[in-house]
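Hi there,

Here is the structure I promised to pass on to you.

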Amino acid sequence: MAYPAFGPNAGLARHGRSSSDALPATFPAMCTTTASSGRRWDGSPLRPRHRSRALRVATDSPSHLLRSAQPSSCRDCGNRIDWYTRTNHDPISLHPHEVPAVAVPDRCRWHVSSGVAHPAHDGTRWCRIPHPLLCPARPTNVTLTPQLTELRRRLALRTRRLLDTGAFTLQPAERAPASAPSCRPARPVGSQRATLLPQAQGWDGSDCATAGARLEQRRGDHARAELQRVEAEDTVTRARTHLRNVELGRSGKAGCAIDVLSGHGIHAYGLLDQLNVDEAARPEWEPRLAPWQDAIVVEPEHEDKARRLLHAAMPGAQIISSGVGQERLPQGIHSTLKVARFLGTLQDRLTPSADGLAVRDQALDLTVTGGFPTPLAGREARLRQARADLAATQQLATEATEALTLAKTQHGAAQATEELARLSIRENDLQTKIDELSGRVTSAARDEQELQQIWKKALARHASHEQLLANAKLTLEGVSKALKERHRSLAVLERQRSQAAASQWQLQWGGTLQDAVDFLDQATDQARSSRPAALRRQAEDGLRRAYEHYGIDGTPGADVGQDLRTGDEMMRTFADTDPASLPTRTFAEVAAPLDNRLAGHRNQDEVAAARVTHDQQARQQAIAEITAGVTTSARNLETLQDMIEKHLDGLFVQISAAFNDLDLRSEGYGAKLEPISVRPQGAGDWQWQVIPRWKRSRSGGYVSYRENANSAQVKVHAILLVLAALLADSQTQGRVLILDELGNSLGEVNRKDMLAALRDVARDQHLTILGTCQDSVLADAADVCGELLWFVHASAADIINQPTSAWAFDSNGARTQLTEDWITAGRAHA
């Protein structure tokens, strides 16, 4: 089996890596500078430049606050917060100042309207942000922008100052409440002991009270350590940024000025970054260089242009024009910049004081003091200082975490030791109870045998009693039948007696007989068929439930009105009367107190109904807005699908054109691709079907590859389709294409045409093509490929192949000579 390789670099492997890495963004350097008025030590403005806006509460505001917000302080970090009411009437704490909307993630933007906080953006350049996202004492799972990270760092620094001055005290961690007695059985003593023994190994002898007090102290230290960790992380970030800026020579304001000039093709250098001061010359030269920490050095021909650019971009920038020739620098100063004239002038004007602690300019009456603890100039000195600050901060955070872990371990060990002592006492008590219960069990066994004999005797007596009971039941049934007959007779007499008081009942009705008939005609069939006593009981039950729902449950001294208590008494009196007798009060009189009370609440019910209607309308409006948002998203999805389909159609057009061109060059009659897009309705799977077609004659139509055809023709067009995809791709340089069974099932003419096409594509597209072929194809492949590898497997008894033979050709003879030694070195082992 042979592996021919195509392409100008066939058989050669290249390894390498990028010569430069991507650099991070530049941030202000952490170095002491002489800041201009209105700025901090790191060059940032003291106040935001946007104009503060006053907040007012509208007269129709749904908020119950009487002012724009309720100012307070965060109990975790001590910083100021403003409390607002949300749309659902729940409170939320917001940062007291507005921030630029571009610096806040979309889902974290809030705005205040009419005294109510809304979780959305109002379309302006400013927005509000919840305080928990910025609180330095709380972790956050939101990726903050650089502006919000800087604001969180400032809040952490302010918390640290409040703690140092005693204006804020961290709240101790709340203890978990003691668990209530459980109805579940207690764990076995042996199981509890096995759990507590490992915990008590680290006990140092202190009791639980001492360990608990130490734990509370460690928790406070841990909270302070958490604040220090936030500061340390920010310091680490700024130290790393400063470190990278120093490595690039672009730290502080000088680095900002260098970036501005670099964008306009002007090369500039930081003065102190390019100066190295000997240790002996530091007391004399560092006071002279201190006012020029932000100075930059440019070529003389670029001085005017740099001055115009920095005048608009960085007012107050310091520009030093380098010298023309190479002059000697003052003693103790080393630099590649041509600033000898500038340094010489500083040396002449600023003379050291008698004690060597400062320098003085006699002409200006100016004195600059020295005493810098670390070197002021030199790139290496700044790097060492940044690394030292980073290591110290990390060590502080590690020590605080270790102290908290130690306190927790000691407290747990003390608790486990005391619990073990209690378990030992409890184990002795349980053993005593076990011994006592063992004697009681023996006595109970004897009692059980005696009771068993008594039970057998009682069982025999029970059998005889059952016979007597059966006889008594027969006698009772006869008596019951006689009693029922007596009750029927009594009921007939009661109905007759009730019919005798018809006139009194009509007076209680209060209307005519015809009115009663009309009322019964309107009633349901069930009500007309019910007896008067049953209807009265239903009315009494309904009236009693109505009084109970209003708070009258019969409890003496209940907090209800006198009118309802009177109505309840009348209701009970009404219920105690015989349903068949003439009542002294009507049902309307008994229900009158409750009816009067319900009439008084009718207005409140109407107000509640109006509020429910308003809430329903608001919900319908919210549903309409959500429906509109869904419609907009559907339109956006359709637009995105159109863009994707147009892009893929363009790619298929390019591949189809290359496919047709290759077919025509191989003496074919033309070929094309027919892509079919099956777009989903909405979000779903998107299917593409691509059908290759070609002509079999000049006047014939395009035939699909699925129709019966010459297998060699199908394989030829399959190779052409692969090459067409390569020709349509502009990023093929350095790639490798592997083809199996190259040239098999092809005639001599088609085989040579395919090999020639592979050679041309490999050369034009700068890629390598590897193909396996049989011995019959090897002669044709050798005419077009750049290298042949011959694999020979002599017989099935051989475990491995015979040594591989390689033939290669390279038109560049010099490159061949470079590889001659290591190629020929392996021939001795063949």
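This is a predicted model: local features need pLDDT of at least 70, side-chain atom pairs count only at pLDDT 80 or more; totals for chains, interfaces and linings use all residues.

Strand β11 (residues 295-298) runs parallel to β12, and four bridges join the two.

From β12 you can move on to helix α7 (residues 340-349). Which of its residues are buried? They are A340, F342, L343, G344 and L346. The cover over these buried residues includes β12 (318-321), along with α5 (282-289), β13 (333-334) and β14 (350-352).

Strand β15 (residues 358-361) pairs with strand β16 (residues 366-369) in the antiparallel sense, over four bridges. A358 has T369 in β16 as its bridge partner. Four residues lie between the strands of this hairpin, and D365 takes a positive phi near 55 degrees.

Next comes a helix pair. Two packed helices are described by the angle between their axes and the distance between the axes. For helix α13 (residues 562-576) and helix α14 (residues 587-600), the axes come within 9 Å and cross at roughly 155 degrees. That angle makes α13 roughly antiparallel to α14, and the crossing is left-handed. On the α13 side, the residues in the contact are D563, L564, G567, M570, M571 and F574; they meet F587, E589, V590, P593, L594 and R597 in α14. Sorted by class, this contact has eight nonpolar residues, one polar and three charged.

There is a second open sheet to show you, again built from three strands, in the order β17-β18-β19 with antiparallel pairing. Here β17 (671-678) and β19 (702-704) are at the edges; each has a single partner strand, so one side of each lacks a neighbour in the sheet. Strand β18 (residues 687-695) and β19 run antiparallel and are joined by three bridges, and K695 stands opposite Y702 in β19. Helix α15 (residues 602-665) packs on this sheet, where it touches β17 and β18, and its direction makes about 160 degrees with that of β17.

I also picked out two single residues for you.

- S93 sits in strand β4 (residues 91-94). Is it buried or exposed? With a relative accessible area of 10%, S93 is buried, because the cut-off for buried is under 20%. Not counting residues up to four places away in sequence, S93 touches I81, D82, W83, P130, H131 and P132.
- R125 lies in the loop between β7 (116-118) and β8 (126-127). Its relative accessibility is 64%, so R125 counts as exposed. Leaving aside neighbours within four places in sequence, R125 is in contact with V99, P100 and A101. The C-alpha atoms of R125 and V102 are separated by 7.6 Å, although the two residues are 23 residues apart along the chain.

Finally, some totals for the protein chain. It has 20 helices and 23 strands. Of its 830 residues, 28% are buried. Among contacts with a separation of 6 or more, 63% are between residues 24 or more positions apart.

Happy browsing, and do write back with any questions!

Best wishes

Methods
Residues are numbered from 1 along each chain as its sequence is written. Side-chain values use heavy atoms; hydrogens and water are left out. Axes are lines fitted to C-alpha atoms, for helices over the stretch in contact, and angles run from 0 to 180 degrees between N-to-C directions. Angles under 35 degrees count as roughly parallel, over 145 as roughly antiparallel, 65 to 115 as roughly perpendicular and the rest as oblique. A crossing is left-handed if the near helix is turned anticlockwise from the far one by less than a right angle, and right-handed if clockwise. Contact means heavy atoms within 4.5 Å. Ala, Val, Leu, Ile, Met, Phe, Trp, Tyr, Cys and Pro count as nonpolar, Asp, Glu, Lys and Arg as charged, and the others, Gly among them, as polar. Buried means under 20% relative accessible area, exposed over 50%, partly exposed in between (1.4 Å probe, protein chains only). Two strands pair if DSSP finds at least two bridges between them.
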